[in-house]
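Biologist: I have a few things to ask about this model before I use it. Could you take me through it?

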Amino acid sequence: MDRNQLMESVRAQMPEKRWNHTLGVMQTAVELARRYGVSEEQADLAAILHDVAKYWRTDKMEEVMRGNPELEPLLSQDKELWHAFVGAVVAERDYGITDPLVLDAIRYHTSGREKMTMLDKVVCLADYIEPGRDFPGVDKIREMAQDSLERALVAGFDSTLSFLIERGKRIFPLTVLARNDLIMALK
Ligand code: DGI
Ligand code: FE
Ligand code: FE
Ligand code: FE
């Protein structure tokens with residue numbers, strides 16, 4: 001499957017609006033990759049696939065997660081987190097992606113994790129600041145992204161955490177670990 005076929009296949013699995021978001025993440029991820037010396041090809045590929053499972057039906061996601069010792073514990077976590085982990089499995093299983101860096105960038109694009117790779121950071125940050133995103137403070141994070149991937153990403157996680165706290169939602173531990181680890185590295 002070439003890149004165009006991959007894009008068409010991913011596009012067919014989501015509404016128009018989410019595909020436009022994906023195009024934005026592709027563009028921003030490649031820009032960030034160039035700026036911070038990360039492979040543009042890996043950034044592009046991870047961005048194309050990052051939300052592939054976002055609009056999958058719950059039962060289809062559960063099917064992927066059941067019996068997989070790494071994904072099974074996520075069944076008791078909020079569904080918003082599932083698509084990233086399921087997306088990494090789908091990228092490998094259905095699209096033959098074998099590059100562990102690309103698969104990890106897809107897997108951790110929502111939550112982050114401790115010791116994020118440069119590619120993880122690029123994709124996760126691009127997901128926050130692609131041109132179609134509009135949330136309070138996004139322009140400030142776009143500015144920060146010019147100077148520091150880490151500072152911008154912490155600000156992105158801060159906005160997610162505030163959003164979750166305002167709504168009384170649970171916080172996924174990997175997000176806390178990711179933020180703490182980035183702050184440590186900034187000192
Ligand atoms: O898939 P996107 O909308 O492009 O963005 P995303 O993959 O970053 O997913 C955002 C959603 O994930 C949003 O509804 C908040 C939710 N989320 C992110 N981190 C956490 C979380 N939800 C919970 N419960 N806990 C988290 O730590
Ligand atoms: Fe996502
Ligand atoms: Fe995100
Ligand atoms: Fe996304």
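Biologist: Which residues are closest to ligand 1?

Modeller: Bear in mind that this is a predicted model. In it, ligand 1 is surrounded by 18 residues, and the closest are Asp78, Glu80, Thr110, Phe172 and Thr175.

Biologist: And by class, how many residues of that shell around ligand 1 are nonpolar, polar or charged?

Modeller: The shell around ligand 1 divides into seven charged, six polar and five nonpolar residues.

Biologist: Changing topic, what does UniProt list for residues 18–132?

Modeller: The UniProt record, an unreviewed entry, gives "domain: HD" for residues 18–132. In the model that span is 62% helix and 0% strand, and its end C-alpha atoms lie 10 Å apart.

Biologist: Let's look at some helix packing, then. At what angle do helix 3 and helix 6 pack?

Modeller: Helix 3, which covers residues 40–49, packs on helix 6, residues 100–107, at an angle of about 40°, and their axes are 9 Å apart. That angle makes helix 3 oblique to helix 6, and the crossing of the two is right-handed.

Biologist: Which residues make the contact?

Modeller: Helix 3 contributes Gln42, Leu45, Ala46 and Leu49, while helix 6 contributes Leu101, Val102, Ala105 and Ile106. By class, the contact of helix 3 with helix 6 consists of seven nonpolar residues and one polar residue, with no charged ones.

Biologist: What about helix 3 and helix 7, how do their axes cross?

Modeller: Helix 7 spans residues 118–129, and its axis comes within 10 Å of the axis of helix 3, the two crossing at roughly 50°. Helix 3 and helix 7 are therefore oblique to each other, and helix 3 passes helix 7 in a right-handed crossing.

Biologist: Which residues meet there, between helix 3 and helix 7?

Modeller: On the helix 3 side there are Gln42, Ala43, Ala46 and Ala47, and they meet Leu119, Val122, Val123 and Ala126 of helix 7. The contact of helix 3 with helix 7 has seven nonpolar residues, one polar and no charged.

Biologist: That leaves helix 6 against helix 7. Are they parallel or oblique to each other?

Modeller: Helix 6 and helix 7 pack at an angle of about 40°, with 9 Å between their axes, and they are therefore oblique to each other. The crossing in which helix 6 passes helix 7 is right-handed.

Biologist: How many charged residues are in the contact of helix 6 with helix 7?

Modeller: Leu101, Asp104 and Ala105 of helix 6 meet Leu119, Asp120 and Val123 of helix 7. The residues of this contact of helix 6 with helix 7 comprise two charged and four nonpolar, with no polar ones.

Note on methods:
Residues are numbered from 1 along each chain as its sequence is written. Chains are lettered from A and ligands numbered from 1 in the order in which they are written. This is a predicted model: local features need pLDDT of at least 70, side-chain atom pairs count only at pLDDT 80 or more; totals for chains, interfaces and linings use all residues. A residue is near a molecule or strand if its C-beta atom, placed from the backbone, lies within 6 Å of it. Ala, Val, Leu, Ile, Met, Phe, Trp, Tyr, Cys and Pro count as nonpolar, Asp, Glu, Lys and Arg as charged, and the others, Gly among them, as polar. UniProt positions are given in the numbering used here, feature names are shortened, and annotations may be inferred rather than shown by experiment. Helices (H or I, at least four residues) and strands (E, at least two) are DSSP runs, numbered from the N terminus. Axes are lines fitted to C-alpha atoms, for helices over the stretch in contact, and angles run from 0 to 180 degrees between N-to-C directions. Angles under 35 degrees count as roughly parallel, over 145 as roughly antiparallel, 65 to 115 as roughly perpendicular and the rest as oblique. A crossing is left-handed if the near helix is turned anticlockwise from the far one by less than a right angle, and right-handed if clockwise. Two residues are in contact if their C-beta atoms, placed from the backbone, lie within 7 Å.
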